[in-house]
Structures are given as C-alpha cells and as structure tokens.
Amino acid sequence: MDQIKAIIFDLDNTILNRTRTFEGFTQSLLKTYFSHLETTDDISQRIIELDQDGYKDKPLLFNELLQELPWSVYPPHAELMEFYGKEYVRSAVLMEEAREVVQQLRSKYQTGLITNGKTDIQYGKIDQLGIRDDFDLIIVSEEAGVKKPDPQIFRLALDHFGLSPEQCIYIGDHPTNDVEGAANVGMNTIWMKVNQPWQDSITARPLHSITHLRELLPLL
C-alpha cells in the first residue's frame, strides 16, 4: 500500500447508511400522511420495495406511491417531492464507525467522496451528518455534470489530487457504478457489501470485499 496516496469513498450505503436513512424518511411519510390507518407495516415495506435501494427515479417513485397507496387525501406531487427533500435529508444516518474510520485514514491519506445524486439532497445529507470537512474533495454527479460509472467522474478526482489511478483506492457498494467504474480508469477498489448483489458479467476484481468500514483499518 506504499504507493497509495488517496482513499475515495462512495456516499450512500458506504459512508451513509442509506437503508436506515430511507427507513427513517418512510416513517416520517407514514406519520404525516397515513395516521388514518390502524397499521402501516405493509405500506412501509411497499414504499421501500418500490424505492429499489435508492435507484428508482424519485419523481417516478412518488407517482407510483400516489397511484398505489391508500391516501385519505391525495397530496400534490410537488408537495411530496418537497417533503422528501426535507425529511430524507433530516433522516440521514452514518454507517457504524464511519466518521472514526475516515478520520483515522485521513491521518495517512487524502480523502475524497464521489456520489451520484441531486446536489441539494447529497450535500444536504453530508451537512446533516456534519462530515463535509472530513473530505479533501467531494464530487456530486449533478453538480459535476457526469455520473458513475462514467470514467470522467473518477478522472475529476484524479485531476484534483494530481495522482495516477494506481495511487488511489475507491470504496463503494455498487458493483457496476463503484467497483467496475473506478477499475475502468485504473483505480484500485474495495467492495462494500451491503444490498447490491455482484453480477457475474463484471470482470473487475476488488482488492478486498468488506461488510463493515472498520475492516479498512488493518487493510490500509
């Protein structure tokens, strides 16, 4: 690892516990709009299912929810989008020991964050968690005009740090967007195994696979 100069992370389900964050948002949605129901367990599971671990386009998601769920009064689509922007950000939860691990690694390496998503939502979560200053570089796809797995978004980080791909390790949970995307520009990778299954079609091979961020410390 002597040649490694920078550790770059994904955000959702790598640094931020996206699963728990969306569950928190879902509970806020149910409390606000479905208090007329005796039980909301089935609705809660359906919302999480339709969200597809965050990969469902949010305007489409809320269109589907408006069609499927037993609303007492149908709110405007724009109202739900605004509610999502506020309550989802407010529900942000870190992965266990995420900040401690990042701060320890930062004593040895430069640190970066590359995340797909809307600028206001992603920075909103980052600031809700208070972690903006834990990274030397943050790239959000909407702001950058390019998203993972496009090689250009990873090259933006390389250009910023002034490093070659071999001097960086990228850590993320999505086999295609994170592991394959970073590997395609020559970065070393570590796969954070959370919800996304590995695809046999992916030829990139991470240096390591982990299930908890603390596993990084003896590796790096």
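The radius of gyration used here is taken over C-alpha atoms, and the globule rule that goes with it is 2.2 Å times the number of residues to the power 0.38. For 220 residues that rule puts a compact globule near 17 Å, and the protein chain, at 18 Å, agrees with it. This is a predicted model, so a word on ground rules: local features need pLDDT of at least 70, side-chain atom pairs count only at pLDDT 80 or more, and totals for chains, interfaces and linings use all residues. Residues are numbered from 1 along each chain as its sequence is written, and side-chain values use heavy atoms, with hydrogens and water left out.

Let's start with the overall picture. The C-alpha trace spans about 60 × 35 × 30 Å along its principal axes. In it you'll find 10 helices and six strands; these are DSSP runs numbered from the N terminus, with helices (H or I) of at least four residues and strands (E) of at least two. Counting a contact as heavy atoms within 4.5 Å, 64% of the contacts with a separation of 6 or more are between residues 24 or more positions apart.

Now for inside and outside. A residue is called buried under 20% relative accessible area, exposed over 50%, and partly exposed in between (1.4 Å probe, protein chains only). The chain exposes about 10,500 Å², with carbon and sulfur atoms supplying 46% of that; the areas come from the Shrake-Rupley method with a 1.4 Å probe, and for residues only the protein chains shown count as cover.

Helix H3 (residues 58-68) shows what being buried looks like: Lys58, Leu61, Phe62, Glu64, Leu65 and Leu66 are its buried residues. Their cover includes helix H1 (18-33), H2 and H4. Over in helix H4 sits valine 89, which is buried at a relative accessible area of 13%. Beyond its neighbours within four places in sequence, valine 89 touches Tyr84, Ile121, Gly124, Lys125 and Gln128. Glycine 181 is 92 residues away from valine 89 along the chain, and their C-alpha atoms are 26 Å apart.

Next, the charges. There are 21 positive and 34 negative ones, and their mean positions are 3 Å apart. Here Lys and Arg count as positive and Asp and Glu as negative, while His and the chain ends are not counted; each charge is placed at NZ of Lys, CZ of Arg, CG of Asp or CD of Glu. Some of these charges pair up in salt bridges, meaning a side-chain nitrogen of Lys or Arg within 4 Å of a carboxyl oxygen of Asp or Glu. The whole structure has 16 of them.

One of them pairs glutamate 49 with arginine 46, with 2.8 Å between the closest N and O atoms. Both residues belong to helix H2 (residues 41-51), three residues apart, or about one turn of the helix. An α-helix has 3.6 residues a turn, so residues three or four places apart point the same way. Glutamate 49 is exposed at 52%, whereas arginine 46 is partly exposed at 27%.

Another salt bridge joins glutamate 96 and arginine 214, whose closest N and O atoms are 3.6 Å apart. Glutamate 96 is in the loop between helix H4 (77-90) and helix H5 (98-106), and arginine 214 is in the loop between strand E6 (208-210) and helix H10 (216-219), so this pair ties together parts 118 residues apart in sequence. Arginine 214 is partly exposed, at 38% relative accessibility.

Lysine 148 and aspartate 178 also form a salt bridge, at 2.8 Å from N to O. It links distant parts of the chain, 30 residues apart: lysine 148 is in the loop between helix H7 (141-144) and helix H8 (151-161), and aspartate 178 is in helix H9 (residues 175-183). Both of these residues are buried. Through shared partners, salt bridges join Asp10, Lys148 and Asp178 into one network.

Finally, take a look at the backbone. Most residues other than glycine have a negative phi, and most peptide bonds are trans. Lysine 148 turns up again here, as a cis peptide bond with omega of about 10 degrees joins lysine 148 and proline 149. Proline 149 lies in the loop between H7 and H8. Asparagine 13 has a positive phi, near 60 degrees, and is not a glycine. That residue, asparagine 13, is in the loop between strand E1 (6-9) and H1, and is buried at 2% relative accessibility. Aspartate 53 also has a positive phi, about 60 degrees, and is found in the loop between H2 and H3.
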